[in-house]
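Reader: I have a two-chain model here. Can you take me through the interface, then one residue?

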Amino acid sequence: MAIFDSPARVFLAATALRLIFLVYGGWQDAHSTVKYTDIDYMVFTDAARYVAKGESPYTRDTYRYTPLLAWMLLPTAWEGATPWSTLTFAFGKALFALSDVLAGWLVVQLLVRCYQFPVERALRYVSAVWLWNPMVANISTRGSSEGLLGVLVAALLWATLTKKPVLAGLILGLAVHFKIYPFIYGVSILWWWDAERDGSVTTGSGLLSKALGFITPSRVKFTVAALASFVALNLVMYLQHGQPFLHHTFFHHLTRIDHRHNFSPYSTLLYLSAAGGAETRFEALAFLPQLILVVVALPLVLAKKSLTTTMLAQTFTFVTFNKVCTSQYFLWYLILLPFYLPSSSLIRKPALGISAAILWIAGQALWLHQGYNLEFLGLSSFVPGLFLAGLFFFAVNVWILGIIVRDGGDGAGEITTALK
Amino acid sequence: MKRRITFIQSVNASFDPEQAVLTTSSLSVRDIDAAREDRITVGLDELPEELRAVLEQSHELHLRWASERSFDAVVPFSSRVSPGLHVHYTPLGSESSSEALCTLLRTIVAPSKDAQYKNCSKQEDAFITPPLLSTRFGSSAALQYYTRLPSIQPLVKYIHNTVCDQSRTGGRECHTRADALLSADSVDIDYDSTSHALTVSGLWASSPTGGWTDKFQRPASADDQVEFGLLGAEAGLEPEEIKMGGLLAVVGEDEKLKPTMFSFPSRHQSLTEPSSYTVSFASPTGLHPTMSISMPRSSLKRPTAPDDTTCGLHTYLTLPSVIFGDQYQLATTDPLFLESHNLLALQALAGEMDLEAPDWVVQRWGSNWLFELATPPELEETANTPDSSNWTATIPLHLRYLPPSETGHRTAYIPWPVVFWACTSEDSTKMSVNPFDRTHLGWDSLFGPRTLFYQLQPTGDRLVEEIDVPVLRLEGEEGYFQGKYIELGTCAVISLGFIWVLWRLARVAWSSGVGSKPVETAHDKKE
């Protein structure tokens, strides 16, 4: 296809797609009671309006994000006449959409520079998964901030794979400040960045020299930069907004009950135990399988074989084993797919890939059907419907995860040649 | 103690002088077809110690109870509240917070085990703060509470056990009068620290079969008084006035019934044309029920209020904690949303606004919402066919999660909201000269003191909607649906998943270590 010969055309098309979505969204908002704009975007813009008035963004209920987000969206709070106010209102969406395109561009750069992909092949994969994916364009133009996470993760990878430890650390600190989960990437990157990748060769093989050998300049720079940016950002926000900042951005996620139905295999159990009906406190240990895999086992076994596949497996595991899971979480691993898919057994063996896709979609469909029965028909579908659907979806995800792990062990998504 | 009995006869009701006979010691009525209000005012020192303790901590305390039965509200008793018990309370000192009121409430509500009753140990727990739109009028209490209360049996029992025991008028009459409240359509209890008196009013909107037959004795003590009135009401000369005429007497003082005629401004007015509404939830309600308020279009004529007033159709919702509105969704100014629901604006809201919490975590009783409703565009008088279709306003709401149950469902009881016209005027009419004035209804304080209210009539067998809330189904020892299966099942599946991923990782580590050089050939034959 000729269009993939030219990066300019691919990115123009991606931008045009988002522009169309933006304009259409504005039209739908103005002409239908079913709004295109995401409810979360109303939360962000309300918060931005409070900030513009010199108040705390946490004055808005359910604003559970860093104040940075409200500050970034300050232009949406600018008052103006009708055409002007429509434009300012869309500022945040445009920003998220732009971040999307930038994230895609970074991934293409990495595939070409570090993975030796021909430009055309890189564009093909990134377009299919991300740039031209209508779901991605839809989510960011509806005003969901997940698009920002995409660009942060892509930038983190870019800085890492092009060996810029300080920049990578700074980006990681920012990403964790934004949304806690990217801290999992820190572990993989640290383990991956050994002396060999720094270009020096380890001397000696004693335990002490191995331990000392672990401390490489890059690892130190990366860690210090990450901690510095994370601490600095939180300190600034804490000084600005005090306890509400800490509560809404971080502690809320530790104390929330999460009794409402969602894709997580834990959701029925959490409802049961929140209502005081559980005999054991098994869910209190839910973080153990999740964190053991994500923070210890996956990075340790896979990170040096394939960093991007490890990060994908980590994200996949984090989402699959999490106590809450909604569809926006699925976006988290989408940005990492272009690195993994080209050499994965899901593509090499179409039967396997298609089976995985069908099972995953079937898991979703089963759950959504039960969810619809509950939410809209008022049927009591918690047990066995939602309960079993949640466990089945979990099983499918775990099976796919097993495939990713095996591929990662085989070096899928690994850099073939070291960067000059 | 002061007692006031008022019978209100409709204009076309028959009356024969023989039906009300006054002697020096008593007044007897026979077969009177009328609405009736009994009001008893008791001094603080005449009350039992337990009740006095609560009142002495109160700056003001107003209880409003309305039956779940539908009833016709007659002038001058035309104001309404949603069925259930409403408590409006202002403590005397801001720091005083005792458990006495909560204990009293629990006694007079006597909730059953299954009732979604929001208990309080201190009033800050379960009470909400009404919106302070009109503090300058001082017409709103500081704290407010509501609970469903289909019958006031426990309140009557409380009166039997405490007030009657101490009553100087003797036990039997006190018991009879308390029992009479059981058939009342609405009951008001008022106390404020300036008057130091407790007033209990019962309203019966219509007479029992065969009419009222009763005998009112002259009080035994000279401090006590029994006032009697047999009246009819009609519109006054001014639009804000009510004119009443009939017979009055003070039992034991007056020798004969005195004919009388008087008029006064009244904030609660009646609509000249019959007007009604019904409330329903579209089925299936799911977790996001939508409340529909339907009115025949013919009901929606602007009331005959003074010309200089601005009138708006309003509804005031009393939502128990299980059901709630999203304030951000409902406070929108988006004309598309408002038009599609026939709403004009959300005017006021108060109470529990949490969008995420399950019901068992919420401590406060719920929330109140005042909406201004849209009215159909004025039809040309020349329109040849009268439009008989209904005009419906809808309010999208959401349900909270309730605790698990054996059936997988629980019932939520949603009282019908009140629907009324509010006409505000700049005029300086003083409404409080009205001997039948009624305030502290929750919604009245959201308007200025000169506002005239015209209630629409709720028509239905029962003014409470029941919603089936789906919950987690948990059976006892015998059933399939047990908590331990959920616990074990979740635990087993997560553990298996965890072990599977670890096993996959172990195989990778086994064949190629944890280093950076993957062994190319290791897995080919296994795939």
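Author: Start with a term: buried area is the accessible area, with a 1.4 Å probe, that two parts lose on being put together, summed over both. Note too that this is a predicted model.

Reader: How much area is buried between chain A and chain B?

Author: The contact takes 66 residues from chain A and 59 residues from chain B. Carbon and sulfur atoms give 68% of the buried area. The total between chain A and chain B is about 5400 Å².

Reader: Which residue of chain A forms a salt bridge with B:D334?

Author: Two salt bridges are found across the interface. In the one made by B:D334, the closest N and O atoms are 2.7 Å apart. The partner is A:K35.

Reader: Which element gives the most to the side of chain A that touches chain B?

Author: The elements giving two or more residues to that side include α1 (7-31), α21 (350-375) and α22 (382-409) of chain A. The top contributor gives 13 residues. It is α22(A).

Reader: Now B:S367. Is B:S367 buried or exposed?

Author: B:S367 lies in strand β20 (residues 366-373) of chain B. The cut-off for buried is under 20% relative accessible area. B:S367 has 1%, so B:S367 is buried.

Reader: With which side chain does the side chain of B:S367 make a polar contact?

Author: Beyond four places in sequence, B:S367 touches residues including B:L317 and B:M353. The polar contact, at 2.9 Å, is with the side chain of B:W369.

Terms used
Residues numbered from 1 in each chain as written. Chains lettered and ligands numbered in written order. Predicted model: local features only at pLDDT ≥ 70, side-chain atom pairs only at ≥ 80, totals over all residues. Heavy atoms only, no water. Helix = DSSP H or I, 4+ residues; strand = E, 2+ residues; numbered from the N terminus. Buried < 20%, exposed > 50% of the residue type's maximum accessible area, 1.4 Å probe, protein only. Polar contact = N/O pair within 3.5 Å; in protein donor to acceptor, adjacent residues only side chain to side chain. Contact = heavy atoms within 4.5 Å. Salt bridge = Lys/Arg side-chain N within 4 Å of Asp/Glu carboxyl O.
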